[in-house]
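Let's walk through a protein model together, one question at a time.

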Amino acid sequence: MQAVELADVIRTNGTCRFYTDEPVSDEVLAKALDYARFAPQGGNRQPVRFIAVRDQAKKAQLAEWYRVPWKAYMEGARSGQIDIGGDFKLVENADHMADHFEDVPVIVVVCADPDGVHPTDTELGRLSVVGGGSIYPAVQNFLLGCREQGLGTALTTLLCMFEPQVKELLGIPEHILTAAHVCVGWPAKPFPRKLSRRPLGEMAFVDSWGSVLPGV
Ligand SMILES: Cc1cc2nc3c(=O)[nH]c(=O)nc-3n(C[C@H](O)[C@H](O)[C@H](O)COP(=O)(O)O)c2cc1C
């Protein structure tokens, strides 16, 4: 397999919602999961665990649960109650993935031990997000490890609404939480060459909010 430059891996790692039936080997999966190990987490507590679900009956159950919030979202998008910013293609593609969720070769359930995420923003009277900082860098490393090997991925979180059911299905211990469900497989379409993202000048500042990085 030809090596892909890091910049290409990062810049073309769009969400994949169309997969071939080709199985994903243990070896390929292990390599991407190994990248996840090297992500930073608060206090090096290493709270993240991954469960790669290949079992057809379990994937079918996950698919059934996934479609509950997804179809409600679709309905809202169709009726205009949910603003999708005019991106109908994204919603159409995401609907295709929802309809074929059980056919995705692997669904990787990301779990974490809440005792190991060390949130420092729980007393601020706003949404606490710092705890996720000990989880999602590992997920991103995993996504990049997949992309490097030519695998497509879709990071999803809708199934977190079914956390109690998912935990029971997969035998996840009581004190462990679920943080994401990543679809993984060989892409049926080429990787995007350009992702739709805000320009650097709108998201990176120097010294104060709104002061754009010189040269951008
Ligand atoms: C926290 C999070 C949750 C997401 N949940 C879903 C999801 O439930 N279903 C889905 O199809 N895509 C989901 N996505 C993928 C986003 O829709 C996607 O990253 C975004 O639209 C950018 O598209 P691109 O990756 O193709 O450039 C999620 C992404 C993130 C970061």
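Predicted model: local features only at pLDDT ≥ 70, side-chain atom pairs only at ≥ 80, totals over all residues.

User: What radius of gyration does the chain have?

Analyst: The radius of gyration is taken over C-alpha atoms, and the globule rule is 2.2 Å times the number of residues to the power 0.38. The C-alpha atoms fill a box of roughly 55 × 45 × 40 Å along the principal axes. For 216 residues, a compact globule would have a radius near 17 Å, and the chain agrees with that at 18 Å.

User: What share of contacts between residues at least 6 apart in sequence join residues at least 24 apart?

Analyst: Two residues are in contact if their C-beta atoms, placed from the backbone, lie within 7 Å. Among contacts in the chain between residues at least 6 apart, the share joining residues at least 24 apart is 78%.

User: In what order do the strands of the sheet lie?

Analyst: Two strands pair if DSSP finds at least two bridges between them. In general, strands of a sheet pair through backbone hydrogen bonds, either parallel or antiparallel. Here the sheet is open, has 4 strands and antiparallel pairing, and its order is β1-β2-β4-β3.

User: Which strands stand at the edges?

Analyst: An edge strand here has a single partner strand, so one side of it is left without a neighbour in the sheet. The strands in that position are β1 (48-53) and β3.

User: How many bridges join β2 to β4?

Analyst: β2 covers residues 106-112 and β4 covers residues 177-185, and the two run antiparallel. I107 has C183 as its bridge partner in β4, and V109 stands opposite H181. On the β1 side, V53 stands opposite I107, and 6 bridges join β1 to β2. Between β2 and β4, the number of bridges is 7.

User: How many residues of β2 are buried?

Analyst: A residue is buried if 20 or more other C-beta atoms lie within 10 Å of its own, exposed if 12 or fewer, and partly exposed in between, with C-beta atoms placed from the backbone. V106, V108, V110 and A112 point one way from β2, I107, V109 and C111 point the other way, and all are buried. Of the 216 residues in the chain, 25% count as buried. β2 is largely enclosed by the rest of the structure, because its buried residues number 7 of the 7.

User: Which elements each supply at least two residues of the shell around the ligand?

Analyst: A residue is near a molecule if its C-beta atom, placed from the backbone, lies within 6 Å of it. The residues around the ligand include G14, M97, T156 and L195. At least two shell residues each come from α4 (88-99) and β3 (152-156).

User: How many nonpolar, polar and charged residues make up that shell?

Analyst: Ala, Val, Leu, Ile, Met, Phe, Trp, Tyr, Cys and Pro count as nonpolar, Asp, Glu, Lys and Arg as charged, and the others, Gly among them, as polar. By that rule, the shell has 7 nonpolar, 4 polar and no charged residues.

User: What phi does N44 have?

Analyst: Most residues other than glycine have a negative phi. N44 lies in the loop between α2 (26-36) and β1, and it is exposed, with 8 other C-beta atoms within 10 Å. Although N44 is not a glycine, its phi is positive, about 50°.

User: Which residues does C160 touch, leaving aside those up to four places away in sequence?

Analyst: C160 lies in the loop between β3 and α6 (163-170). The C-alpha atoms of C160 and A179 are 6.5 Å apart, although 19 residues separate them along the chain. The residues that C160 touches are T178 and A179.

Methods:
Residues numbered from 1 in each chain as written.
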